[in-house]
Amino acid sequence: MKQMILLFFLFISLPVFSQAYEGSPCASYENSDLKEQVLSGYIPELRFNGMEVYSNYQFWATSSLKPDVKKPTPKKEEEDYEYKEKVDSWTCMYTPYSLTDYDSKTAWVEGATDDGIGETVFVRVDSQKPIVIWAGYGKSKVLFEANGRPKKVKVTVWAGKKGEDPGAAWEMFNVSDLKTIAHHEIELKDKNAYQPLSVPKHKLKADDNFTMISITILSVYKGKKYADTAISDIKNQ
C-alpha cells in the first residue's frame with residue numbers, strides 16, 4: 001500500500017509539458033466579418049488564448065493564404081502531441097501569428113485572389129512606443145522579390161478593454177469594444193529589412209487598457225512571380 005501511495009504522488013507531481021497541447025488547426029482563411037468591422041471602425045471582440053496561439057490568430061486578418069507547401073510527415077521519434085502541434089503550425093503558417101513571432105523568415109500573406117489591395121491585418125503592439133515593420137517576405141532575397149510588398153498602407157490605431165481570466169493557468173483574455181481612435185496613410189520603402197512604421201498621434205481614454213494597430217494594404221510593389229503580398233514582422237523597437 002505504501003508503494004502504491006508513493007507511486008501515486010510521484011505521478012501527480014510530474015510536470016505537464018507539451019502533452020497538454022490542446023490547440024487546433026486553422027480552418028478559416030477569409031474573414032468577411034472582420035472586413036466589415038474594419039470598415040465600420042468597431043470590433044466587438046477579439047480573443048487571445050496562450051495555449052492555442054496558432055488557430056486564434058487566423059481571425060486577426062481579413063484573409064490569409066492557405067499553406068502552399070507539403071504537409072509535415074510524422075517522424076518515428078515524435079510523440080502524437082508533437083506532430084499535432086507541428087501540423088497545426090503548418091495550417092497557420094501564413095496567418096497573423098507569423099508576423100508576431102519576431103522572425104523575419106516567416107510572414108503573414110494575404111489570401112485574396114489579387115495583390116491584396118484592401119486586405120487588413122492586426123498586430124498586438126504598444127502603440128505609444130516606436131514600432132518597426134518588415135514589409136515583404138524576408139526569408140530570402142528571391143522570395144522577397146517573388147512576392148508582393150505593401151507600398152502605400154493605412155495604419156490604424158485601435159483601443160479597447162482587456163478582460164483577464166484569473167482562473168486560467170495560462171495567458172488568456174478577451175479584448176472587447178475595439179474602436180478606431182486614429183489613422184493615417186503612409187508609403188513604405190521597398191527594402192528587405194526592418195524600417196520604422198509611423199503611427200498616427202493619438203490619445204487613450206482612461207478605461208482603454210489595450211491597444212492594437214492594423215495595416216490595410218492600399219498599393220503594392222508587385223512580385224516578380226506571385227500575386228501575394230506579405231509582411232514578415234511588426235514589433236515594438
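Guide: Let us begin with a term: a residue is buried when its relative accessible area is under 20%, exposed when it is over 50%, and partly exposed in between (1.4 Å probe, protein chains only). This is a predicted model, in which local features need pLDDT of at least 70 and side-chain atom pairs count only at pLDDT 80 or more, while totals for chains, interfaces and linings use all residues. Residues are numbered from 1 along each chain as its sequence is written, and side-chain values use heavy atoms, with hydrogens and water left out.

Visitor: Okay, is Tyr102 buried or exposed?
Guide: Tyr102 counts as exposed, because its relative accessibility is 61%. Tyr102 also has a positive phi of about 55 degrees although it is not a glycine, and it lies in the loop between helix 4 and strand 2. Helices (H or I, at least four residues) and strands (E, at least two) are DSSP runs, numbered from the N terminus.

Visitor: And what about Asp177, where is that?
Guide: Asp177 is placed in strand 7, residues 172–187, and it has a positive phi of about 55 degrees although it is not a glycine. With 25% relative accessibility, Asp177 counts as partly exposed.

Visitor: How many helices and strands are there in the chain?
Guide: The chain has five helices and eleven strands, and of its 237 residues 42% are buried.

Visitor: How many disulfides does a search of the whole structure find?
Guide: The search finds one disulfide, a term for a pair of cysteine sulfur atoms within 2.5 Å. It joins Cys26 to Cys92, with 2.0 Å from S to S. Cys26 lies in the loop between helix 1 (2–13) and helix 2 (32–40), and Cys92 in the loop between helix 4 and strand 2, so the pair ties together parts that are 66 residues apart in sequence. Both Cys26 and Cys92 are buried.

Visitor: What is Ser98 in contact with?
Guide: Contact here means heavy atoms within 4.5 Å. Leaving aside neighbours within four places in sequence, Ser98 is in contact with Cys92, Met93, Asp103, Thr106, Ala107, Trp108 and Ser232. A polar atom of the Ser98 side chain lies 2.6 Å from the backbone oxygen of Met93, and Ser98 itself is buried, with a relative accessible area of 5%.

Visitor: Switching topic, which residues touch the most other members in the largest nonpolar core?
Guide: A nonpolar core is a set of buried Ala, Val, Leu, Ile, Met, Phe, Trp, Tyr and Cys residues joined through side-chain atoms within 4.5 Å. The largest one has 21 residues, and Leu197, Ile213, Ile215, Ile231 and Ile234 touch the most other members. Another core, of twelve residues, lies apart from it and has Leu46, Trp158, Val175 and Phe210 among its members.

Visitor: Last one: how many residues of strand 4 are buried?
Guide: Five of the five residues of strand 4 are buried, so this strand is largely enclosed by the rest of the structure. Both of its faces are covered, with Ile131, Ile133 and Ala135 buried on one side and Val132 and Trp134 buried on the other.

Visitor: How many bridges join strand 4 to strand 11?
Guide: Five bridges join strand 4 to strand 11, and the two run antiparallel; strands pair if DSSP finds at least two bridges between them.

How values were computed. Polar contact = N/O pair within 3.5 Å; in protein donor to acceptor, adjacent residues only side chain to side chain.
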